[in-house]
Each structure stands twice: as C-alpha cells, then as structure tokens.
Amino acid sequence: MTAIQMNAEILRNMSIIAEDENLLKRAAKYLRKLVAEKDDPTLMTKEDFFAKIERARKQPGKQFANIEELDQYIKSL
C-alpha cells in the first residue's frame with residue numbers, strides 16, 4: 001500500500017470517527033499511546049531484539065551454589 005493510499009484510508013476512517021464522540025475518545029486515547037511508544041527509547045526492532053538475545057547466548061553464564069549466593073550477587077548489582 002502506498003503512502004497516498006494509506007492517507008486516503010486514514011481520512012475515510014477519520015470522517016466516520018468524527019461523527020461519533022465515543023469513537024473520537026477511543027481514537028484520541030490510542031493516538032496518545034502510539035505517540036508515547038514512538039518516544040520510548042526501550043523499543044527496538046525485531047532484528048535488534050534477536051541480535052541482543054544472540055549476544056547474550058554467547059556470553060558465559062553465572063552459576064551459584066545456593067540461593068544465598070544468588071541473592072548476594074543480585075544485591076551487589
């Protein structure tokens with residue numbers, strides 16, 4: 001779908017939403033959420049996510065003899 005086609009579809013849907021106050025409220029709430037996600041620095045692409053997992057898999061893991069050692073390690077972070 002081209003940008004022009006997407007714009008046309010959005011404008012058609014907005015004309016329907018504009019006639020219903022409940023739909024307007026829902027659309028505004030969703031748009032605020034969408035904008036907030038855009039500014040979220042923790043979001044990453046699917047490729048970045050899986051690359052990060054691969055890097056973590058290649059790192060040596062830590063092992064603990066008991067839960068107290070694990071607890072102490074976590075507290076030291």
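Because the model is predicted, local features need pLDDT of at least 70 and side-chain atom pairs count only at pLDDT 80 or more, while totals for chains, interfaces and linings use all residues. Residues are numbered from 1 along each chain as its sequence is written, and side-chain values use heavy atoms, with hydrogens and water left out.

View 1. Met1, Met6, Ile10, Leu11 and Met14 make a nonpolar surface patch of about 550 Å². Patches are built from residues with over 30% relative accessible area and no salt bridge; like charges are joined within 9 Å, and nonpolar side chains (Val, Leu, Ile, Met, Phe, Trp, Tyr) within 5 Å. The areas come from the Shrake-Rupley method with a 1.4 Å probe, and for residues only the protein chains shown count as cover. Leu11 sits in helix α1 (residues 3–17), whereas Met1 belongs to the segment before α1. Helices here are DSSP runs (H or I, at least four residues), numbered from the N terminus. Are Leu11 and Met1 buried or exposed? Leu11 counts as exposed at 56% relative accessibility, and Met1 counts as exposed at 67%. The cut-offs are under 20% relative accessible area for buried, over 50% for exposed, and partly exposed in between (1.4 Å probe, protein chains only).

**View 2. Helix α2 from end to end.** This helix covers residues 21–38, and at 1.5 Å a residue its 18 residues should span 26 Å. The C-alpha atoms at its ends are 26 Å apart, which agrees. The expected span is taken as 1.5 Å times one less than the number of residues. Leu23 is one of the residues in α2, and at 29% relative accessibility Leu23 counts as partly exposed. From Leu23 to Ala36, 13 residues along the chain, the C-alpha separation is 20 Å.

View 3. A side-chain oxygen of Asp20 reaches to within 2.9 Å of the backbone nitrogen of Asn22. That is a polar contact, meaning a pair of N or O atoms within 3.5 Å; within protein, one must be able to donate a hydrogen and the other to accept it, and residues adjacent in sequence count only if both atoms are side-chain atoms. A salt bridge needs a side-chain nitrogen of Lys or Arg within 4 Å of a carboxyl oxygen of Asp or Glu, and the structure holds 3 of them. Lys25 and Glu21 are 4 residues apart, about one turn of the helix, and both are exposed. An α-helix has 3.6 residues a turn, so residues three or four places apart point the same way.

View 4. Arg57 and Glu54 share helix α3 (residues 46–58), 3 residues apart, about one turn. Their side chains meet in a salt bridge at 3.1 Å, N to O. Arg57 is exposed, with a relative accessible area of 62%, but Glu54 counts as partly exposed at 36%. As for rings, a search of the whole structure finds 2 aromatic pairs. In one of them, Phe49 and Phe50 have ring centres 5.2 Å apart and planes at 75 degrees, so the pair is edge-to-face. Rings of Phe, Tyr and Trp (its six-membered ring) pair if their centres lie within 6.5 Å; planes under 30 degrees apart count as stacked, over 60 as edge-to-face and the rest as tilted. Phe49 is partly exposed at 40% relative accessibility, and Phe50 is partly exposed at 45%.

**View 5. A tilted ring pair, Phe64 with Tyr73.** The ring centres of Phe64 and Tyr73 are 5.4 Å apart and the planes lie at 45 degrees, so the pair is tilted. Phe64 counts as partly exposed at 31% relative accessibility, and Tyr73 as partly exposed at 30%.

**View 6. Helix α4, out in the open.** The number of buried residues among the 10 of α4 (residues 67–76) is 0, so the helix lies largely in the open. Asn66 caps its N-terminal end, with a side-chain oxygen 3.1 Å from the backbone nitrogen of Glu68. Further along, Lys75 and Asp71 meet in a salt bridge (3.3 Å, N to O). These two are 4 residues apart in α4, about one helical turn. Lys75 is exposed, with a relative accessible area of 63%, while Asp71 is partly exposed at 36%.
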